[in-house]
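Welcome! Take a moment to look over the sequence and the 3D view, and then let us walk through them together.

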Amino acid sequence: MAIKNMEKVLQKINENYTGAERELLLKAYRYSEEMHAFQKRASGEPYFTHPCAVAEILLDLGLDIPTISAAFLHDVIEDTPATDEDIKREFGQEILTLVQGVTKLDKIEYKTREEEDAENFRKIFVAMANDIRVIIIKLADRLHNMRSLNFLSFERQQRIAKETLEIFTPLAGRLGISQIKCELEDLCLKYLDPEAFEYLVSNIHQKLEERRNFVDFVVAQLKDVLKESNIQGEVFGRPKHFFSIYKKMKNQGKSLDQIYDLSAVRVIVNSTSECYEILGKIHKQWKPVPGRIKDYIATPKRNLYQSLHTTVVTNFGQFFEIQIRTSEMHRMAEYGIAAHWRYKENKTSQSNFDQRISWIRDVMDWQGSLNDSKEFVDSLKTDLYSGELLVFTPHGKVISLALEATPVDFAYAIHSAVGNKCVGAKVNGKIVPLNSTLHTGDVVEILTSTNSKGPSWDWLKFVKSGSAKAKIRQFFKKEMKEENVKMGKAMLEAEAKRKGYNLADILTEESFKKLSTKLVFSSVNEMMASVGYGAVGVNQVIFKLIDYYRKEVPKPVEVIDPEKLKRTTAGSVTIKGMGGLLIRFAHCCNPVPGDNIVGFVSRGRGVIVHRKDCVNLKDYDNDRLQPAQWTGELEQGFIAGLKILAENDDGLVAFITMEISTMKLSITQINGRVNKNKQAEFDINIKFNKRSDLDLLINHIKKDKRIIDVFRTNN
C-alpha cells in the first residue's frame, strides 16, 4: 500500500508539472527518500511515506512548488543527518526557511512536555507570521499523523487528538481550509469519544440512505428554480461531517433522531445579486424557519467565509438547510487561504489576501507581550475557540469581536489610539461600565478624552481579546521605556547572582543572538524593558542564558600541580575520584571550612565547591555532583557574611559591634538601613578565626530580645 501511494504522488507530479517545476519536486522527493531510507514509522512502513503523504495533501490543495518541496523535506533536518546548509545548497533559501519554520526547536531542558509543545508551537507561529505557508505545511503534517494515529499508544493518541482539537482544527477554521478542518475534527472524535464516533458512523449512513430520495427531490426542485429564473449554476447535496452533528447533539441536548439537517443542499451561482434572488424564490416556495436565516455575505465570519444560509420546511413538515454562494465564495469556503495559490488566474487581490491573514499579525503583536509560551498558547486557544459576536459603530460599521467582549475590546478593535484615550462607553445610547459584556446587535460608542492619561492596568482583568491586552501592555511599555530598561536589568542581575552567575558572563553576544530567535527581541534594551514591565519572566530569560552558557564549547581544562591544591584561602578540600583539577568555591553560597559541601564538575572550569544546602544545586545534573570534604586543619581564618534583622533601637549598633569585639573578631564591611517594615537591617562581613566562632556569634546575638533573625548570607 505504501509503495502504491508513493507511485500515486509521482504520477500526480508527472501529470501536473513540467520543466523546472517537475525537476525540483522530483529532486525533493528523491532527496527525502534517500535521507529517510533506513527509518520506519510506528506502523512499520518506511518513514518516507509520511513526508510523501504530506506533500500529496498540498498537491491536492494546489499549493506552490516551494511549499510542496518543503513538505517532502520538512523532517530531514530534525530526523536525519541533513543540515540547514545542505538544504540551502541543494534547494535554496526560500525552501530552507519553510523547512526551518516547521522544524521543532532544538532540545533544551523543559520542566514539562506541555511547556516543550507550547514553545514549539510558538516558534511555528512566529515563522507562520513571516510566511503563512509554514502553517499550511504543519496542518497537512498533522492531518497525516492523525490518519495514522491508530499505531500509537492510547496515551499518545489522547494527547495528540486533544492538542489537535484545541489548536489545529480551529486554526484550520480561521484559515478557512474546511477540507482539512472537517477531517481533523472527525479523526479527533474517533479517538477522544470512540463510542460516539462509531454510533454516528453506523446510524448516520443509514439515515442518509433513507434521506437520499428526499435530497434528490430538493436538488431537482432547486434546479427548476434556477432554470425558471434563467440563472446558471449548480446544485448538490452534501452530508455534514460527524463532528458538527456530534457538537449539535451535545450543545442542544438532542438525540440523533431530533437532528434534521444531517445534510445540506448547496446552490452555487455566479454573482452576489443572484444569491439574494435565489434566496427570495426559495422562501417563496418553502417556508423559512424563523431565526435560521444567516447572511454571511453582508457580514462575513472572522475567516471571511461568505454564504447565505437558510433552513426551510416543506409542506409535509421536513426540515432542510440550503446554502447559497458564488463560485468564488465556494472556493474560499473549501480551500480558504490555500485558494490564493490554487486559483492563480482568479486569485484574490493582494490587499484582500492581506486582510485574510491580518489576524495573524494581530496575534504576533500581542504574543510578544506574554510571559511565556504556555500563556501564549492558552491565549491563542481563547481567541481561536471563542465564539463570535457582531456589534455596530454609531455609523453602522460591523465589528467582529469574541464572545463576552467588553467596550474596551471594542475600542481597541477600532484603533489603539481610541482604546488609549477611552474614558467611557455608551451601548444602545446608554452609558455603561467599561467592563460590561456586549451582545450581538449592540450599537457601541466610545467616549474619549484628550486629557486621558491612558489605559488602566485593571483593564487587563476583564478584556477578552489578546489584541486588546497586548495594546494595553504596549502603551505602558512605550511610556515607561527607560524605567523598564533599568528595572529589567536590575532584576536580571539579581536573579543571575542568586543562581551563582554574573549577568555579564552569561549574557554574551552569541547567547543573546540565540535568545532573540526564541523570544524575538531586536536588542538587549528591548529584552531588559520586556522584563521590566512584565511581558517576559525573569526566569524565562535567565534559565535560557544559563542553559546556553553550560552548552558552550568546552574550554581546555586547567590542570595544576595537586600539591598546590592542598591549601586554599578557605581551607583544604578533597573531591572523591578527582585529582589534578582546579578547585574553586561557589560565590552563590560561599562555603567555609566546616560547612557540609559537595563538588560540581563543570565543563572547562574544574570543580566548583558548593554548600550542600545551596539552592542552585537543584538546577544541576546530579551525575556531575561528587562527594567533597574538608581535609587537614580547618581552624584557619575566613570571611563570612551575616544578615541581622531587628527592632529599630538607638543602642542596637553598639550592642552588635560589642558582641563582635568581645569575641575578638574583625568587621571587614558593614551596611545598615531601615526596611519598609520599619525594621533595622544589617549586612555585615566578619573575619572569623574558626568555624565554631560563626555559630557562637549567631547564638550570642540572637539572645537579645530586640533581634528578629540572624542568618548567613552568600556574600
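A nonpolar core is a set of buried Ala, Val, Leu, Ile, Met, Phe, Trp, Tyr and Cys residues joined through side-chain atoms within 4.5 Å. Buried, in turn, means under 20% relative accessible area. Please keep in mind that this is a predicted model.

The largest nonpolar core has 78 residues. Leu58, Leu61, Ile68, Phe72, Leu73, Met146 and Leu200 have the most contacts inside this core. Helix α9, residues 133-147, gives the most to the core, with eight residues. Another core, of 31 residues, lies apart from it and includes Phe521, Ala586, Ile608 and Leu617. In soluble globular proteins, nonpolar side chains tend to be buried together.

Now for the protein as a whole. There are 29 helices and 19 strands. Of the 715 residues, 51% are buried. Looking at contacts between residues at least 6 apart in sequence, 66% join residues at least 24 apart.

Which residues of helix α6 are buried? In this helix, residues 84-91, they are Asp86, Ile87 and Phe91. These three lie on the same side of α6 because they cover an arc of only 95° around the axis. Glu85 and Arg89, on the other side of α6, are exposed.

| Helix packed against by the buried residues of α6 | Residues |
|---|---|
| α2 | 19-35 |
| α4 | 65-73 |
| α5 | 76-79 |
| α7 | 93-102 |

Just after α6 comes Gly92, which takes a positive phi of about 95°. A glycine with positive phi also follows helix α15: this is Gly336, with a value near 55°. Within α15, residues 327-335, the buried residues are Met329, His330, Met332, Ala333, Glu334 and Tyr335.

Finally, let us visit a pair of helices. Two packed helices are described by the angle between their axes and the distance between the axes. Helix α11, residues 178-192, packs with helix α13, residues 242-252, at an angle of about 60°, and their axes are 7 Å apart. What meets at this contact? From α11 come Glu185, Asp186 and Leu189, while α13 brings Phe242, Phe243 and Tyr246. By class, the contact of α11 with α13 has four nonpolar and two charged residues, and no polar ones.

Methods: Residues numbered from 1 in each chain as written. Predicted model: local features only at pLDDT ≥ 70, side-chain atom pairs only at ≥ 80, totals over all residues. Heavy atoms only, no water. Axes fitted to C-alpha atoms, helices over the stretch in contact; angles between N-to-C directions. Helix = DSSP H or I, 4+ residues; strand = E, 2+ residues; numbered from the N terminus. Contact = heavy atoms within 4.5 Å. Nonpolar A, V, L, I, M, F, W, Y, C, P; charged D, E, K, R; others polar. Buried < 20%, exposed > 50% of the residue type's maximum accessible area, 1.4 Å probe, protein only. Arc of directions from axis to C-beta.
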